[in-house]
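Please open the model in your viewer and keep the selection tool at hand. The stops below go from one selection to the next.

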Amino acid sequence: MAVLVIADLNAGALSDNTHKTVSAAKAIGGDIDILVVGKDAKSAADAAAKIEGVRKVLLAQSDDLGHGLAEAIEAVVVPLMSGYDAVLTPATSQGKNFSPRIAAKLDVSHISDVVEVVDASTFVRPIYAGNALETVQSSEAKKVVTVRPTAFKAAGEGGSASVEDIDAGAGAGPTKFVGEEIVKSERPELTGAKIVVSGGRAMGSAEEFQKVIEPLADKLGAAVGASRAAVDAGYAPNDYQVGQTGKVVAPELYIAIGISGAIQHLAGMKDSRIIVAINKDGDAPIFQVADYGLVADYKAAVPELMSALG
Amino acid sequence: MKVLVPVKRVIDYNVKPRVKSDETGVDLANVKMSMNPFCEIAVEEAVRLKEKGVVTEVVAVSIGPAQAQETLRTALAMGADRAILVQTDADLEPLAVAKVLKAVINEESPNLVVMGKQAIDGDNNATGQMLSALLGWPQASFASKLEVSGDKATVTREVDGGLQTIEAPLPVIVTADLRLNEPRYASLPNIMKAKKKPLDTKDIASFGIDTAPRLKVIKVAEPPKRGGGIKVETAADLVAKLKNEAGVL
């Protein structure tokens, strides 16, 4: 049994999502190799080589791979699959973009967003926005899986695997990268943050969202999130969105401010360790999942919270 | 220029799904069903391309039971020109759906496919990517903006941490993300007109594709419930609890 884990990079650096996916690979068992695809990704590959329990790291580099173009990544992975029984990718936007292509090329199912590895062929995954958990078993020769990183503990460091350069493949063909706008932020990345402060539709405007949510997040060293209602209303950018249609987070502390708690939002944060809700409607569904609820208008409660934090 | 828009009939967005007591699946008996929200966005985008004069024909296709005709009628009422139902009572996995769509595309020869990024029942987010790989057409997933000019598509995509813009020659597979547009509500006159638009039904067996499930569903269970917590009176109480009781500050 051999498992290939495809590394997740954030601004060229190895992200923790990779360590968490290695833990899922360990639950499958067998040898674990990591594939790093990117441009100028040698340092990320060196970091991957230090993850405990990894046999070797494969490194493929090109411009198209650096831009994460799905066709280019598929072209690197598919030929490697003769040597592996499973390929696991973190279920980030990037992973979701290319992983199903690999399954289609191998003529096998894609097993999306796995939250538990029962055994080498049996996986648990959320369906219906997390309202149900489906256990599926695959009898196919190759398993192509995306892993929800927040559901797994990060594998430790201490390994010393070798790094091997491999062919960068045929590129993305006619698909061309034109440009990107990546929001640069001093705050921690949303899916990996220890604390997340999220605002909802109650904010009423983008200005209010920035004035209320962001200073509190900065005081706590937290990432900023938002409900889909707040994003749809234009109060917060789409990549802040927490929920089934946005990002799934599971921080130590999740603070929901002016968020009613629609099913689709709960699906994105209900696995947080401690949930705090501040909402002036005491009947809001968010209080059913909150460990600590404060029934209050955020306009009064957030300044009080800021001063109580000192 | 022709656009093909695959649509799926799913449990309505506002209905809370209930797991069957025998854990074999989600209970869909007597539950309101609607068009998958991401498919609605795809239909809207295709219709807007037609209204802008970029495309001349919008064809909606669904793979599902006889009742999926209602979903296709919704697409027709939103502005699609005609519809195809590939009829089956089986619940197809994304790979099988992609294979059937590929066969439909080979018959219809569209210049563009616009489809939802995921269905809100299975939450696989896989069919569009698989279809692109099977056809060898460029893939533009999670689109928040689509421009078609001449023989190429320029697509802005939602990626981790921001937006990415890519460009590809037609034909292209585009999968719609939430911010691509806000779908219209079909007006009553358009709902009436849609009843007269052509809707072809084909038996899935006529395609000769193996669509048998590859995965065995062992069980479908309710997720563990979170215990309700406590209410605190003031922000100061809250901070004290977070520091002393929860230990998270």
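Select A:Val136 and B:Val217: the two are bridge partners, the latter lying in strand S12 of chain B. Keep in mind that this is a predicted model. Now widen the selection to strand S10 (residues 132–138) of chain A together with S12(B); the two run antiparallel and are joined by six bridges.

Next, select the whole contact between the chains. Chain A puts in 65 residues and chain B 64 residues. On the side of chain B that touches chain A, the elements giving two or more residues include helix H3 (94–108), helix H4 (127–135), strand S9 (162–169) and strand S12 (215–221). S9(B) supplies the largest share of that side, eight residues. Coloured by residue class, the side of chain B shows 34 nonpolar, 15 polar and 15 charged residues.

Move to strand S4 (residues 57–64) of chain B. Seven of its eight residues are buried. Which residues are the bridge partners of B:Val61? One is B:Pro6, and another is B:Ile84, in S5(B). Select the strands around them: strand S1 (residues 2–6) of chain B pairs with S4(B) in the parallel sense over five bridges, and strand S5 (residues 82–87) of chain B runs parallel to S4(B), joined by six bridges.

Last, select B:Lys195, in the loop between helix H5 (188–194) and strand S11 (199–203) of chain B. Is this residue buried or exposed? B:Lys195 is exposed, because 10 other C-beta atoms lie within 10 Å. Its C-alpha atom is separated by 9.6 Å from that of B:Thr74, 121 residues apart along the chain.

Methods. Residues are numbered from 1 along each chain as its sequence is written. Chains are lettered from A and ligands numbered from 1 in the order in which they are written. This is a predicted model: local features need pLDDT of at least 70, side-chain atom pairs count only at pLDDT 80 or more; totals for chains, interfaces and linings use all residues. A residue is buried if 20 or more other C-beta atoms lie within 10 Å of its own, exposed if 12 or fewer, and partly exposed in between; C-beta atoms are placed from the backbone. Helices (H or I, at least four residues) and strands (E, at least two) are DSSP runs, numbered from the N terminus. Two strands pair if DSSP finds at least two bridges between them. Two residues are in contact if their C-beta atoms, placed from the backbone, lie within 7 Å. Ala, Val, Leu, Ile, Met, Phe, Trp, Tyr, Cys and Pro count as nonpolar, Asp, Glu, Lys and Arg as charged, and the others, Gly among them, as polar.
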